[in-house]
Amino acid sequence: VEADAPYINPTDFDYIAVIGGLLPQMAKAPPRHRQYLRVAAAARVPLIGICTGVFALAQEGLLAGVRTCVHPFHEQDFRSIFPRVAISTRDDYLIGDGRITVPGGVSILSLMTDLVRKHCG
């Protein structure tokens with residue numbers, strides 16, 4: 001999906017969700033998208049990697065030292081590309097050090113419920 005507006009200050013958001021899309025096309029993403037993730041991380045805005053969004057975060061080094069939730073369908077691809085990132089395929093989501101990872105599918109509902117509970121009671 002092409003962006004149709006300029007990026008705004010990432011600190012204007014409570015969270016930034018990243019969806020990677022199809023793995024073969026991820027390398028074609030414009031550098032400004034990846035730069036925005038690095039700027040957001042430096043500003044300590046929590047980043048949510050959804051499904052293949054975890055690949056985008058890992059490619060930028062934003063999951064170093066963070067146990068990461070990966071969809072079982074993508075487990076082998078992730079392990080082969082990022083062998084040093086600890087992963088789980090059994091959790092609905094994982095939260096750690098300003099990063100949230102969720103494998104996608106119905107697991108996003110568990111995360112959404114917890115975020116609503118955290119912020120709205």
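Please bear in mind that the model is predicted. I begin with helix α5, which runs over residues 107–120. Ser107, Leu111 and Leu115 are the buried residues of α5. These residues cover an arc of only 65° around the axis, which places them on the same side of the helix. They pack against β2 (47–50) and β6 (99–102). Met112, also in α5, is partly exposed because its relative accessibility is 45%. Together with Val106, Leu109 and Val116, Met112 forms a nonpolar surface patch with about 390 Å² of accessible area. After α5 comes Gly121, with a positive phi near 85°.

I turn now to the salt bridges, of which the count is 5. Among them is the pair Arg34 and Glu60, at 3.3 Å from N to O. Arg34 lies in helix α2 (residues 31–42) and Glu60 in the loop between α3 (53–59) and β3 (68–69), so this pair ties together parts 26 residues apart in sequence. Arg34 counts as buried at 15% relative accessibility, and Glu60 counts as buried at 18%. Glu60 also meets Arg38 in a salt bridge, at 2.2 Å from N to O. Arg38 is partly exposed, with a relative accessible area of 34%.

Another salt bridge joins Arg67 and Asp91, whose closest N and O atoms are 3.6 Å apart. This pair links distant parts of the chain, 24 residues apart. Through shared partners, salt bridges join Arg34, Arg38 and Glu60 into one network.

Note on methods:
Residues numbered from 1 in each chain as written. Predicted model: local features only at pLDDT ≥ 70, side-chain atom pairs only at ≥ 80, totals over all residues. Heavy atoms only, no water. Patch = residues over 30% accessible without salt bridge, like charges linked within 9 Å, V, L, I, M, F, W, Y side chains within 5 Å. Areas by Shrake-Rupley, 256 points an atom, 1.4 Å probe, with all protein chains shown as cover. Salt bridge = Lys/Arg side-chain N within 4 Å of Asp/Glu carboxyl O. Helix = DSSP H or I, 4+ residues; strand = E, 2+ residues; numbered from the N terminus. Buried < 20%, exposed > 50% of the residue type's maximum accessible area, 1.4 Å probe, protein only. Arc of directions from axis to C-beta. Contact = heavy atoms within 4.5 Å.
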